[in-house]
Amino acid sequence: MIDFSKAQADDLKLMFHWQTLNWTDCSQTCGGHGVQARTATCQVSIGGATRKIDDSFCTGAGLPKPPTMRKCGISQCPGWLVGSWSKCTKSCGVPGLQSRILQCVWYGTKKPAGDECGGKPRPSVIKICQTPSCPPEMANCYDHSRYCSMAKRLNMCRLATYQIRCCKTCSS
């Protein structure tokens with residue numbers, strides 16, 4: 001309660017104003033769908049004393065209520081862009097390996113995001129691939145060229161011609 005008994009005429013001027021608190025933390029740090037909130041209360045000052053009153057007094061005095069909600073969070077989130085699995089390194093008889101490209105990018109633009117994906121689980125980039133049994137004609141295979149070791153180093157074993165000509169080297 002405000003005591004008016006000792007107030008001077010100038011002290012009895014009513015001053016309406018909005019008191020706002022700080023914005024809350026954003027509900028999402030990225031994605032553009034976060035929100036922040038704060039409270040806004042109408043107050044009146046009389047003779048040096050301030051008191052909370054109904055919002056209708058401030059709006060009635062021509063003071064629009066300040067926003068109490070707003071959108072926040074950067075518009076993009078980082079994430080892993082995962083490429084397709086490569087062809088298996090072996091064609092038959094023994095397990096091989098498959099690989100794929102993995103890149104941290106900003107969703108939406110697919111621009112590189114550096115190390116921003118550090119907190120997200122990293123998808124695998126290599127996996128074992130099972131191959132079918134070799135056909136009978138390749139079961140007793142042998143190399144038909146002295147250059148088969150070079151063909152393997154140059155990753156030529158993925159080609160059918162070299163798989164046949166360098167059967168032993170390419171299947172090991």
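Two strands pair if DSSP finds at least two bridges between them. Strands here are DSSP runs of E of at least two residues, helices are runs of H or I of at least four, and both are numbered from the N terminus. The model is predicted, so to speak of local features needs pLDDT of at least 70, side-chain atom pairs count only at pLDDT 80 or more, and totals for chains, interfaces and linings use all residues. Residues are numbered from 1 along each chain as its sequence is written, and side-chain values use heavy atoms, with hydrogens and water left out.

Start with β3 and strand β4 (residues 49-53). They pair in the antiparallel sense over five bridges. Gln-43 has its bridge partner, Lys-52, in β4. Two residues sit between the strands of this hairpin, and Gly-47 takes a positive phi near 55°.

Next, the cores. A nonpolar core is a set of buried Ala, Val, Leu, Ile, Met, Phe, Trp, Tyr and Cys residues joined through side-chain atoms within 4.5 Å. Buried means under 20% relative accessible area (1.4 Å probe, protein chains only). The largest core has seven residues: Trp-18, Ala-40, Cys-42, Val-44, Ile-46, Ile-53 and Cys-58. Strand β3 (residues 40-46) gives the largest share of this core, four residues. A second, separate core has six residues, including Trp-80 and Cys-104.

Cys-58 also shows its surroundings through contacts (heavy atoms within 4.5 Å). Beyond neighbours within four places in sequence, Cys-58 is in contact with Phe-16, His-17, Trp-18, Cys-42, Gln-43 and Leu-63.

Now turn to helix α5 (residues 167-171), where Thr-169 lies. Why does Thr-169 count as buried? Because its relative accessibility is 15%. Not counting residues up to four places away in sequence, Thr-169 touches Asp-143, Cys-148, Ser-149 and Lys-152.

On a 1 Å grid over the protein atoms alone, a cavity is a set of points where a 1.4 Å probe fits but cannot get out; a pocket is an open set with protein on both sides within 12 Å along at least five of seven lines; lining residues have an atom within 4 Å of a point. Grid points are joined across faces, edges and corners, and a volume is the space filled by probe spheres set on the points.

The largest cavity holds about 70 Å³. Ten residues line it, and Ser-91, Cys-92, Gln-163, Cys-170 and Ser-171 are the closest to its centre. α5 gives the most to this lining, three residues. The largest pocket has a volume of about 160 Å³. Its lining includes Lys-87, Lys-152 and Cys-170.

Note on methods
Buried means under 20% relative accessible area, exposed over 50%, partly exposed in between (1.4 Å probe, protein chains only).
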